[in-house]
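User: I would like to go through some of the labels used for this model and see what each one rests on.

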Amino acid sequence: MDPDAVADSRIWKVYDLLKDIRIDYDSLSKPVDDFVSSIREAVDGIPEDFKVTSELAPSFVTDIGADKVEFKFKKPNGFNLCGSYSIRCMAKPDASADLLVHLPKECFYEKDYMNHRYHAKRCLYLCVLRKHLLSSSSVEKVEWSTLQNEARKPILVVFPVKKPDQFPGFSIRIIPSATSLFNVAKLSMSRNNVRSVTADGVPQPTPTYNSSILEDMFLEENCELVEKTFTAWKELGDALILLKIWARQRSSIYVHDCLNGFLISVILSYLATQGKISKSLNALDIVRMTLGFIASSKLWERGLFFPPQSENRVSKEEKLEFRELFPVVICDSSTLVNLAFRMTSVGFQELQDEASSTLKCMEKFKDGGFEEVFMTKVDYPVKYDHCIRLNLKGKTAKSTSGFCLDKECWRTYEQKVHSLLQQGLGDRAKAIRVVWRNTNQDWHVESGLSVLDREPLFVGISISSIEKAFRTVDIGPDAENKIEALKYRKFWGEKSELRRFKDGRIAESTVWVTQQWTKHLIVKQIVEHIFKRHLSLSSDDIVQLVDQLDFSLIYGDKDPISTSGNLLQAYEVFSKCLREIEGIPLKVSNVQPLDSAFRFTSVFPPEPHPVAREKVDARRLHKLTPSCIPTMEVMIQLEGSGNWPMGDLAIEKTKSAFLIQIAESLQSVERIPCTATEDNVDAFMGGYAFRLRILHERGLNLVKGEFGVDQQKHVSPADKMLFIRSQHASMINGLQGRFPTYAPVARLAKRWVSTHLFSGCLAEEAIELLVAHVFLTPLPLGVPCSRIKGFLRFLRLLADYDWMFNPLVVDINNDFGRNDEKEINDNFMSSRKGYEEDRQNITSAMFLAAPYDKASEAWTSTSPTLPEQKRLAAYARSSANVLSKLILQEHNDSVQWECLFRTPLNNYDAVLLLHRDKLPYPRRLLFPSELKQGKHVARGKASTAFNPFLLPGDLKRSHEELKNKLMVDFEPTKCFMSGLQEDFGTLKPWYDHFGGDAIGLTWNKHNSKKREREEDEVEINPVDMLKAVGKMGKGLVRDIYLLKSPRLG
């Protein structure tokens, strides 16, 4: 695409975004001015000189450890609108304006900067204002909030009775400012102003506490600096709005220990005053330069210092002191306040990583990464592989000196948790984020600080690599290193043990015992051990979001993937036997497995069946031995020959003859039992059933790329599909080798699709490609290293992708060039030709392009249709929202998680319930279906001709009779669906082919523009039709319910 066209497209998209997000100040300014006037009137009406004591908020005053807090009330020195509203840079949905209230000096004593007396009086002053504002007729309600989650600095949020038309949630935030209240020299970073902050009896500096007061003292001045910079610079204001949108989409940086709207405006002001951005730049260029500055500027190492307004320049010693005390320094023009004093080193590292990732998106993706930068939600659930909630209510013993020392105890606890995890996880973790949003809108200062542990502490861990995360043994210091070994034992406690390793080394170590299929729980084991040992928490207090979805993949009492090693061994022996076959005209040259079980993406990979062996394994026969066995397709390629017939039918007959000869040879020479029909040849080995397919050499030429487009048309559909499936199998097998988490995520995705009855809409291979896209396009979210994260991203892809106007390209080996992209785009545009005329005139609403299928013909050529895709997206959106809430909020109940895989049956027009004991694999059923609504149409008896398990009498039969009882590839639901679709065109069936016991039915909508009907056309009674359906499914269908009758069209 032309770079200029890309730039124009990007600029237009940004323009439209700004148009949607920017606030109309012409309609807002009068309501705001009126409400501010009402607030001033209410405050002006407060009488002066009455005594204010701690009785207004006794718990708050006590908890912050303040004394001598009484004062005589004086009215504020003034009011001043500031922040985003004053510079006209508010961004929807934010609908609040900041109002500075200047605290009068008469209410404070000279030394009130010490021991939290300022913070206590500040709070009590707001209590007085709140009391009188509540009595104002213009005020609907007044809530408490905090300044950047700092509990010792509450603010008031005032809501008007009269709402602005476009902003029903509008509010005014009242923020106290303390201009010239104290001698700034007393608040220098090296001074101690909280007497209880000592080390071995020696007072320690309190830079965070001092900065908290200085922030209020210079709040007005710094707001004026920002306002002055942004005045008459529209592009800078637009850039600020865009950066706010960018930051809000990223939960890990738009938080109290990292970034906020004010700090973004400060950084932009710094770049402007330093001449690093000019007025000739557009908003998007300013955004790019700002992100580049955040990501890689060397200036962060020494700190950012605004030009001083006076002659008091910052000395080298003072700059060094700032850098030693704070990980990030943005010093204002007073040279006294570090505006970034709350920002932690972890928060800043996260900010730099996000900025760097965003720049890569801008370079790599079309339209300058507009979707990825501004529209993609990078919240905790999809950013971190391992999410943890610590329920700490009543568990965090506060410091003996109080909740607030230099830092608040919650911030200290965050650092403690981070330090413990960093030490315990080591190189397993790429990043660890600990955030405790301990204040919320329900908080009242009257309740004090002791109630602020009600919200759970959140921990996000990004895994460095699966190999490291799955490591079962951690080697510590050598036994000879006594000091380090003692530290190691002290940290790990009883988990530490002295071991001798193969290289002769004797060292401390920790061993994490687990089964092969539960290695993803090793990090969970480590975290739980650390928190129990060092934080004295119980298992109930530690909620780790890791294995909550594993129940959906369990068969019996384990994950069937654990037996995949047996399958691969059996296949290796079987493929060797095929290659060694003699006595057939053309030797087997190549063997390739096609079934998803071989690439570990099958939801239920077959377990070895005791009957499907060379000799029946009688020891393994039990009362739950299945009577059915699924087949797995294996593709064979034969030596080249010029003697093949030309016609497609003749070729297929010749293939059948070859397969029968192969089966005879396997049976006679290798003693491998085989069954042959005209359509299929199945071989039984090692407890598995392998179904053989031959790829004709025309298809082989496809593999070698020797055919042009015209010649490809002469390849039979059967061979073309075999070729496509072989290419797909190879690519997915390679992908799961690169990304070990890919296979379990694909299995979860398939399970979700089937449990919500979409099996007939989305092929398994299409699901594998969708999940592949999640892993192959990691920006801006990173490659998933956990099941829950990968599954959530799959759901969001289904829900949010613009399927109608964009193809989904899965470039597995990253080798698509411009010609490939053009070909895919042309194919996509061709598939959407009829959209303008009729939206329903689209064969498939989902275009999936892969290296072997650039026209999306293999898996989505006919489905999902547009209505199916919309339904699929709606279900995915709902599940994604539920899953996000389960991760972030306090839900430990397994029933909540099970809801993700329970489908609401009332969303269908009719429902068929099947006899569970007549399903071929009833143990796959997650939740038995029941319905207590709608009209009960019919009830059917269960068939006596079939049982999913071998009966006790069967187990006593001879081995040959047992083998004859085995039902190969028996899928009654699939056959029933095929008959339904063939005989009942007015019904659309929705089903679960993994073993669901419910089938949803909806009435097909007929396209009747002319609404013409023949006179003798008879309306079919829906009850009669459903009874006919029940008759077709006799022996399988248990109950039929009619929920909604068809609409007459």
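This is a predicted model: local features need pLDDT of at least 70, side-chain atom pairs count only at pLDDT 80 or more; totals for chains, interfaces and linings use all residues.

User: Why is H26 called roughly perpendicular to H27?

Analyst: The axes of H26 (residues 764-776) and H27 (residues 787-800) cross at roughly 110°. Angles of 65 to 115 degrees count as roughly perpendicular, so H26 is roughly perpendicular to H27. The two axes come within 9 Å.

User: Which residues of H26 and H27 meet?

Analyst: From H26 there are Ile767, Leu770, Val771, His773 and Val774, and they meet Gly790, Arg793, Phe794, Leu797 and Leu798 of H27. By class, this contact has seven nonpolar, two polar and one charged residues.

User: What makes Lys383 buried or exposed?

Analyst: Lys383 has a relative accessible area of 14%. Buried means under 20%, and therefore Lys383 is buried. Lys383 lies in helix H15 (residues 380-383). Beyond four places in sequence, Lys383 touches Ser252, Glu350, Glu354, Val378, Ser462, Leu781 and Lys789.

User: What span does helix H16 have against the expected one?

Analyst: H16 (residues 409-425) has 17 residues and reaches 24 Å from its first C-alpha to its last, close to the expected 24 Å. Its buried residues include Trp410, Tyr413, Val417 and Leu421. Just after H16, Gly426 has a positive phi of about 55°.

Key. Residues are numbered from 1 along each chain as its sequence is written. Side-chain values use heavy atoms; hydrogens and water are left out. Axes are lines fitted to C-alpha atoms, for helices over the stretch in contact, and angles run from 0 to 180 degrees between N-to-C directions. Helices (H or I, at least four residues) and strands (E, at least two) are DSSP runs, numbered from the N terminus. Angles under 35 degrees count as roughly parallel, over 145 as roughly antiparallel, 65 to 115 as roughly perpendicular and the rest as oblique. Contact means heavy atoms within 4.5 Å. Ala, Val, Leu, Ile, Met, Phe, Trp, Tyr, Cys and Pro count as nonpolar, Asp, Glu, Lys and Arg as charged, and the others, Gly among them, as polar. The expected span of a helix is 1.5 Å times one less than its number of residues. Buried means under 20% relative accessible area, exposed over 50%, partly exposed in between (1.4 Å probe, protein chains only).
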